[in-house]
Amino acid sequence: MLFTPLSAPSLQLRNRIVMAPMTRSRAVDHNTPNALMAEYYGQRASAGLMITEGTSPSPNGLGYARIPGLFNEAHVQGWKRVTDAVHAQGGKIFVQLMHTGRVSHLANLPAGAEVLAPTAEVCPGEMFTDTQGMQPHSAPRAMTEEDIHHAVAEYTRSAQLAMEAGFDGVELHAANGYLIEQFLNANVNHRTDGYGGSIEGRNRFALEAVRAVVAAIGADKVGIRLSPYGVFNG
């Protein structure tokens, strides 16, 4: 079955093997995909579908050292090298949009960016920085409703840029303790406004982001990753 082609209305895959996202930390120049990354994905394009490493839709979401972004033209051109390499081998590729939220350190962020989260509670544990080695996570600023609306717009714009870069679709990362799951998870989201409290409130940010991205690029090109009851990143 693994090597049987998959034919769906929106996606035709030559086999049913999917390569999961794996952080590589190789986007060394302003978080821009490069030739090494194009070679890496091209080498693995015999999988039916590939999901990229976590890619931030926002300067504020670049919490790890050297992870790629997808929010400017240089990123689009860098990712286009990747999608061209994969498509040349007959593969399909989705970009995983991952805003790290409070799983971040200021030393990993570009100038002017900040650590944001549903509340101001610090993520437990440490992370690596190129300039300071292992460090405790930086304290986040609790997002206002305006910040939340801006983040939804960032996911939407990044999905549109993904289409320009030649991706076959996008996966919203709502798992493993990153920003969307920080809203979903009652252990992290202690807000008392319309984006917290009840199940409906905690789900609201995820659903608004998904609906906005679907409206922008089509439901047939959008997936979401969830990790119910996961414990990673607090």
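Mentor: A cavity is a set of points on a 1 Å grid over the protein atoms alone, where a 1.4 Å probe fits but cannot get out. Grid points are joined across faces, edges and corners, and the volume is the space filled by probe spheres set on them. This is a predicted model: local features need pLDDT of at least 70, side-chain atom pairs count only at pLDDT 80 or more, and totals for chains, interfaces and linings use all residues. Residues are numbered from 1 along each chain as its sequence is written, and side-chain values use heavy atoms, with hydrogens and water left out.

Lining residues have an atom within 4 Å of a point. Here they are Ser 58, Asn 60, His 99, Leu 116, Met 143, Asp 147, His 150, Ala 151 and Glu 154. Helix 3 (145-164) supplies the largest share, 4 residues. Helices (H or I, at least four residues) and strands (E, at least two) are DSSP runs, numbered from the N terminus. By class, the lining has 3 nonpolar, 4 polar and 2 charged residues. Ala, Val, Leu, Ile, Met, Phe, Trp, Tyr, Cys and Pro count as nonpolar, Asp, Glu, Lys and Arg as charged, and the others, Gly among them, as polar.

Now follow helix 3 into the largest nonpolar core. That core has 41 residues, and Tyr 41, Leu 70, Tyr 155, Val 170 and Phe 205 have the most contacts inside it. Helix 3 gives the most to this core, with 7 residues. A core is a set of buried (under 20% relative accessible area, 1.4 Å probe, protein chains only) Ala, Val, Leu, Ile, Met, Phe, Trp, Tyr and Cys residues joined through side-chain atoms within 4.5 Å. Tyr 155 touches (heavy atoms within 4.5 Å) His 99, Leu 97, Phe 205 and Val 213, among others. His 99 brings us back to the cavity, as one of its lining residues.

The search of the whole structure finds 2 cavities of 30 Å³ or more.

Glu 181 and Asn 185 lead on to open space. The largest pocket holds about 340 Å³. Among its 15 lining residues, Glu 181, Leu 184, Asn 185, Pro 228 and Tyr 229 are the closest to its centre. A pocket is an open set of points with protein on both sides within 12 Å along at least five of seven lines. Helix 5 (199-217) gives the most to the lining of the largest pocket, with 3 residues.

The second largest pocket holds about 240 Å³. Arg 66 is one of the residues nearest its centre, alongside Asn 31, Asn 108, Leu 109 and Pro 110. Arg 66 sits in the loop between strand 4 (49-55) and helix 2 (73-88). Its phi is positive, about 65°, although Arg 66 is not a glycine. Most residues other than glycine have a negative phi. Arg 66 counts as partly exposed because its relative accessibility is 25%, and partly exposed runs between the buried limit and the exposed one, over 50%.

Key
Lists of a residue's contacts leave out its neighbours within four places in sequence.
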